[in-house]
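Reader: I have a structure here that I have not seen before. Can you take me through how its parts meet?
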Amino acid sequence: MTTLLEVENLSRSFGGLVAVKDVSFSLRAGRITALIGPNGAGKTTCFNLVAGALKPTSGRVLFEGRQIDNSPPETVCRMGIARTFQIVRPMREMSVLENAMIGAFSWTRNVSEARSKAYESLESVGLAAKAHARTDQLTLPDRKMLETAKALSTRPKLLLLDEVMAGLRPTEAAGIVGVLQKLAEGGLTILLVEHVMRIVMEVASRVVVLHHGAKIAEGPPGEVVADPKVLESYLGAGFHV
Amino acid sequence: MQKKFDRGVERTRWLAGITVFAVLGLVGLLANPYVISLMTIVLLFTFLGQSWNLMLGIGGQLSIGHALFVGLGAYSVGVLYVRYGISPWVGLLTGMILAGSVGASIAWLSFRFEVRGIYFALLTIAAAEFARIMFSGWEFVGAMQGLFFPAPSGGIEISMLRGDARFYYFVALALAALGIIGTEFISRSYLGYVWRAMRDDESAARALGVRTFQHKILVISLSAAMAAAGGGVLALVQGSIFPDSIMGMGLSVDVLIGPVVGGLGTTFGPLVGSLAAIPLNHLMSALGDSLRIPGLNNITYGVVLISVVWFLPDGIWPAIVRLCKAIQAPPTAWLWHSRKVEE
Amino acid sequence: MLSLWLNVLASGILLGLVYGLVALGLTIIFGVMRVVNFAHGEMVVFGVYIGYWTVRLWNVPIIVAAAIAAVVMFAFGYLLEALIVKRFVNRPHHYQFIVFIGLSLLFSGTLLVAFGPDPRPTASQLSFQTVSLGLVTLDLARVQAAATAGLLIALLGAYLKFSPFGRSLRAAADNRLGGLIVGLNIPRIYAVTFGIGAACAGVAGALISPLFDAQPYLAVDFTLLAFVTVIVGGLGSFGGALLGGLVIGVAEAIAALMFTPSMKTALPYALLIIILVFRPRGFFGAKEI
Ligand SMILES: Nc1ncnc2c1ncn2[C@@H]1O[C@H](COP(=O)(O)OP(=O)(O)O)[C@@H](O)[C@H]1O
Ligand SMILES: [Mg+2]
């Protein structure tokens, strides 16, 4: 069982606000891990730190044993970490297919190869039929799936998914869960931020819980939801498990 | 089904392109000297517009000092030819390399600490002004008095790129055609995809592995080199080089009017825009001179620019395309829109 | 020798204050609206013409001319924003640039139509008077212009810092969305901001009208000078504009003494490039543009 990503004592503050506080966890290859916590807990900031979009105030991120927290996002991506943006960022003037092609150019310069990879990614998230649409013709859940497809085209080893299933109907979400499970079986490691506990329970083999920037629990989903600290943090924030 | 449709459209595009250039070729053979010289300028600014368009419309980087690159090209050709008798072909190549390196340096200077957007634009204009002032005081390149090419001997000399007005018309036409083919080629290559991604959302592109720092430098130096080639030919056509007109702010504005009026990021926009704007400018200048109203062409230009951005923010070309589509014209035109390569 | 240098330094600082005022107008507009006014030089030149005509027609002191310029240019800026600029505030930079280039062509064309291309020297008594302070002898025109500019900069700074409207203006500059949420009247703030920016340019123009001949072609130089000044100081920074103005003013004065005239005009740009090598956002630049 190899460790793909190691996050060591990671902290990040914005001015006075400490968004991520001394967080450590590690991801094992081929597993799906969920990162949960109430809004503002620091989940997206964690993603940004791992993906190189933000530099940590202190702490380290190791990917395949190499320190990556000083690398720019494009380097991190090329090493094998792809991420989606919680607030979707489609390239507006490009079609859905073209959007899905961009990531492929991190490993090929051949346009038709990139195009077939893009079709494949779109296929896996159920967007192939809309390949030629403009991105502003997509619904929000579809745009989140496009984010996922864009990330998949980079052929990542680790995929960071930030609330990509928000707004999906249960049947649609179930479809995506199936896709993620299949990807994981194929060796992809996934770290996902997700609010719907049912989904977390179903796909994740491990759960990391953040609250006010700090890790308050970690373990198999069954244990974590029973943890009084976790319940308190969610109930305190007005959440229903 | 998609494939077949693509191929049909592809054929129409080629046909349309060849038709346009055939007509322009005929113009060169048949038109009177006035039209020839006007159209030479139109075609040269089409090419210059394409260089600017490549940088902003595809690469997403705004230059408001393109005159710098145009001027470097013009002076490279001028100085080498006038001072040393070296062929303008060498001058063009020198100018392109020089402008490309200067463009790369400006880009490097500005993007190195991830300074983006308007700072870069302001830096281009500052660099252009700096160069203009330096050249204005530099005796070796003719300073304010300008640099003059010897009058052409009459015959056409390809090796020295010298000839009459009609010869330069065809040189300009070849350049414009090269610009269109080149833009299309780049647009469809991986560079086109990566650059448009960078244009639409730089951070998102980086998250997908696009090395935007390198690509910005690349697109800017390529655009600068293109502008220098256009500048070199412009100098030959005009027969003289003055720092204020070849490196001034006015030229930077002239360069971008074509693509803006015609349609930013489109392959055909710079041509359509230059065809519309430059004759209008000449007309208004002439009218202003004869009516003794010196600012008339400035006012018209100003009003045209504001109106285009206000009413036709995509430019004339996409508007024509929409119109064609609306009246069910054959699907010729709209695919010229280079942003839609994939459809 | 010492007195020569002191004189140069002093006159550089004096003109630098006026440059600072011009740059301040540009930087306030940018700070609040994230818009670069590429027609700023034309607004300075409007001020120069206002100075020229008020002095010529009514023979008023230059301070009065500056006050008139302030009122006229504020109204002009306010209306321009409300009628045209506001449509483009949220558009990409290049659209804004094109609109402002259009405006700048329109304005300079109008000036050409109205006044012709020839320079008009302002017949001010001030142009020939001097004041002496120990080793330093200065033109009265420069001293007056600088004193007025300095006073205005201080007043404007105080206004932005302490008045309720100034505070909401700075709040809007910090966070546009936040400002909308807490109920700031953003359209009005923008129009007033643009008015203030135009007034700064206009007043500076009127103040220097005894020093520069009124001429439409001056506009480009002022636009570029203002750009250089704000980049040196840092776009969007109040203190930066002032500092940039002083740096450029002094640099120009020193260059005028040491180099040929063309080198003198090139120096601010050279300075700019050097500064950008070391401080890419200028002295006090905003983090994210
Ligand atoms: N770029 C930023 N600047 C300032 N504060 C930020 C920034 N990004 C996030 N924050 C703050 O950090 C905290 C954690 O945010 P985030 O990571 O987005 O939480 P989550 O994704 O768990 O909802 C929040 O209080 C948020 O306001
Ligand atoms: Mg989040």
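Author: Chain B and chain C have one residue pair in polar contact, both residues being at pLDDT 80 or more. Keep in mind that this is a predicted model.

Reader: How many salt bridges are there between chain B and chain C?
Author: The count there is zero.

Reader: Then what area is buried between chain B and chain C?
Author: About 3900 Å², and carbon and sulfur atoms give 83% of that area. The contact takes 40 residues from chain B and 45 residues from chain C.

Reader: Which elements of chain B give two or more residues to the side that touches chain C?
Author: They are helix H5 (118-136), helix H11 (249-262) and helix H13 (296-311) of chain B. By class, that side of chain B has 31 nonpolar residues, with four polar and five charged.

Reader: Which of the pairs of chains that touch has the most contacts?
Author: Two pairs of chains touch, and the most contacts are between chains B and C. Chain A and chain C do not touch, and their nearest C-alpha atoms are 13 Å apart.

Reader: OK, on to chain B and chain A. How many residues does that contact take from each?
Author: It takes 24 residues from chain B and 27 residues from chain A. These two chains bury about 2500 Å² between them, with 60% of it on carbon and sulfur atoms.

Reader: And how many salt bridges are counted between chain B and chain A?
Author: Three. There are also eight residue pairs in polar contact between chain B and chain A, both residues of each at pLDDT 80 or more.

Reader: Which helices of chain B supply at least two residues each to the side that touches chain A?
Author: Helix H7 (190-200) and helix H8 (202-207) of chain B do. H7(B) gives the largest share of that side, seven residues. Sorted by class, the side of chain B that touches chain A has ten nonpolar, four polar and ten charged residues.

Reader: How many salt bridges does the structure hold over all chains?
Author: Over all chains, 17. One pair crosses between chains, from Arg196(B) in helix H7 of chain B to Glu98(A) in helix H3 of chain A. The closest N and O atoms of Arg196(B) and Glu98(A) are 3.0 Å apart.

Reader: Are Arg196(B) and Glu98(A) buried or exposed?
Author: Both Arg196(B) and Glu98(A) are buried.

Reader: What does Asp142(A) form a salt bridge with?
Author: With Lys130(A), the closest N and O atoms being 2.5 Å apart. Asp142(A) sits in helix H5 (residues 140-152) of chain A, while Lys130(A) is in the loop between helix H4 (111-124) and H5 of chain A, twelve residues apart. Asp142(A) counts as buried because its relative accessibility is 15%, whereas Lys130(A), at 38%, counts as partly exposed.

Reader: Why does Thr44(A) count as partly exposed?
Author: Because its relative accessibility is 26%, and partly exposed runs between under 20% for buried and over 50% for exposed. Gln86(A), at 27%, counts as partly exposed too.

Definitions and conventions: Residues numbered from 1 in each chain as written. Chains lettered and ligands numbered in written order. Predicted model: local features only at pLDDT ≥ 70, side-chain atom pairs only at ≥ 80, totals over all residues. Heavy atoms only, no water. Contact = heavy atoms within 4.5 Å. Buried area = accessible area lost by both parts, 1.4 Å probe. Salt bridge = Lys/Arg side-chain N within 4 Å of Asp/Glu carboxyl O. Polar contact = N/O pair within 3.5 Å; in protein donor to acceptor, adjacent residues only side chain to side chain. Helix = DSSP H or I, 4+ residues; strand = E, 2+ residues; numbered from the N terminus. Nonpolar A, V, L, I, M, F, W, Y, C, P; charged D, E, K, R; others polar. Buried < 20%, exposed > 50% of the residue type's maximum accessible area, 1.4 Å probe, protein only.
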